[in-house]
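I set out to record what I looked up in this structure, entry by entry.

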Amino acid sequence: NVTVKGFTMAHGAIYAQRGGMWDGGGSGWLIEGNDMSYAHGAGVQINGNNTVLRNNTIHHNGQIGIVTSYDTSQKPQNQIVEGNEIHNNNTEGFNAGWEAGGTKFSRTTGLTVRDNHVHDNQGSGLWFDIDVYDTTISGNRVHHNQDRGIVYELSYNALIEKNLVWENGYGFDEGVWGAGILVQNSSGVTVRNNVVAWNADGIGVVQQQRDPWTEVRNTHVHDNVIAVRNGTLLGWVSDLSKKTLFESSANNRASNNRYFNSGTGFMGLWLWDGRPWTFLGFNQALEDKSAKLLSRNELTTVLQQAGLPLEPRAR
């Protein structure tokens with residue numbers, strides 16, 4: 001039940017994967033209204049149950065903005081991360097595929113990440129990786145991050161909804177790896193009511209051999225607006241010989257998404273079972289009669305209402 005409020009904290013000479021600010025694993029901490037920057041590793045580390053990280057500015061840290069613990073004996077519950085601005089992290093050029101960028105949450109249960117502004121990080125924006133359970137990711141604005149905007153990896157049971165995700169993923173845009181939202185070797189994930197625009201790819205669902213997290217089940221992608229200039233709009237991909245991702249018993253599905261493809265050069269496309277499809281063929285493969293292609297005027301209305309750019313930044 002410690003409150004840390006109103007401080008400026010800078011230049012902590014902390015290890016990678018550790019925070020310049022740390023709750024010590026204590027329960028019930030409130031970390032609010034601080035400016036945390038220029039730590040060598042992470043700006044802040046939260047390990048305790050019921051920690052609330054609210055309305056902080058977390059920026060220009062050497063490796064990453066926020067982390068939780070990888071210690072298997074520390075599995076924090078019911079944390080809340082809300083209203084923070086997390087930007088321009090990974091100034092020391094850590095490998096973004098290892099761990100760098102905006103955030104990386106691990107081994108949590110009941111985590112809520114909402115209403116944050118996550119932008120211009122050299123790596124992924126919001127990353128959830130390894131034994132993350134029962135997560136809510138909502139109302140975040142995630143843009144201009146080098147890698148994926150939101151990625152849920154090696155974890156279970158998440159609701160990803162009402163996020164605005166734009167212009168992420170251009171640092172690694174092969175396949176669906178430049179996705180605005182990526183579900184990777186995770187099950188029980190619902191991705192709904194998000195606006196995902198102008199990312200290197202739109203939304204991706206990936207299955208790899210990653211025991212014990214190989215199965216991807218009960219994933220539902222619905223009621224999203226997805227717009228790309230090039231790349232994949234919605235892609236379901238497996239590199240296994242036995243691709244259980246696509247079996248009916250896996251209960252993976254998409255419905256009622258709305259798409260726009262401005263299509264210069266390599267057209268935006270849909271992937272199911274790793275194969276490119278036309279819009280009609282893709283929806284037949286998923287048995288989805290509710291999807292829709294948006295006109296330019298319809299997309300403009302959606303983007304204006306969301307406060308997103310009508311066109312991607314020139315590259």
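Entry 1, pocket. The model I examined is predicted. I then looked up the second largest pocket, in which about 160 Å³ of space lies. Its lining consists of L245, F246, E247, S248, N251, N252, R253, W272, A285, L286 and E287. Sorted by class, I find five nonpolar, three polar and three charged residues in the lining of this pocket.

Entry 2, sheet. I traced an open sheet of 10 strands, whose order is β1-β4-β7-β10-β13-β16-β19-β22-β25-β28 and whose pairing is parallel. At its edges I find β1 (3-5) and β28 (253-255), each of which pairs on one side only. With direction ignored, neighbouring strands of this sheet are turned by 5 degrees against each other on average. I next examined how β1 pairs with strand β4 (residues 30-32): three bridges join them in the parallel sense. For T3, I noted L30 as the bridge partner in β4.

Which residues have the most contacts inside the largest nonpolar core? I list V44, F128, I150, L234, W236 and Y259, in a core of 50 residues. Strand β27 (residues 232-238) supplies the largest share of this core, three residues. I also recorded another core lying apart from it, with 13 residues, among them W166, A197, A227 and L294.

Definitions and conventions
Residues numbered from 1 in each chain as written. Predicted model: local features only at pLDDT ≥ 70, side-chain atom pairs only at ≥ 80, totals over all residues. Heavy atoms only, no water. 1 Å grid on protein atoms, 1.4 Å probe; cavity = no way out; pocket = protein on both sides within 12 Å on 5 of 7 lines; lining within 4 Å. Points joined across faces, edges and corners; volume = space filled by probe spheres on them. Nonpolar A, V, L, I, M, F, W, Y, C, P; charged D, E, K, R; others polar. Pairing = 2+ DSSP bridges. Helix = DSSP H or I, 4+ residues; strand = E, 2+ residues; numbered from the N terminus. Axes fitted to C-alpha atoms, helices over the stretch in contact; angles between N-to-C directions. Core = buried A, V, L, I, M, F, W, Y, C linked by side-chain atoms within 4.5 Å. Buried < 20%, exposed > 50% of the residue type's maximum accessible area, 1.4 Å probe, protein only.
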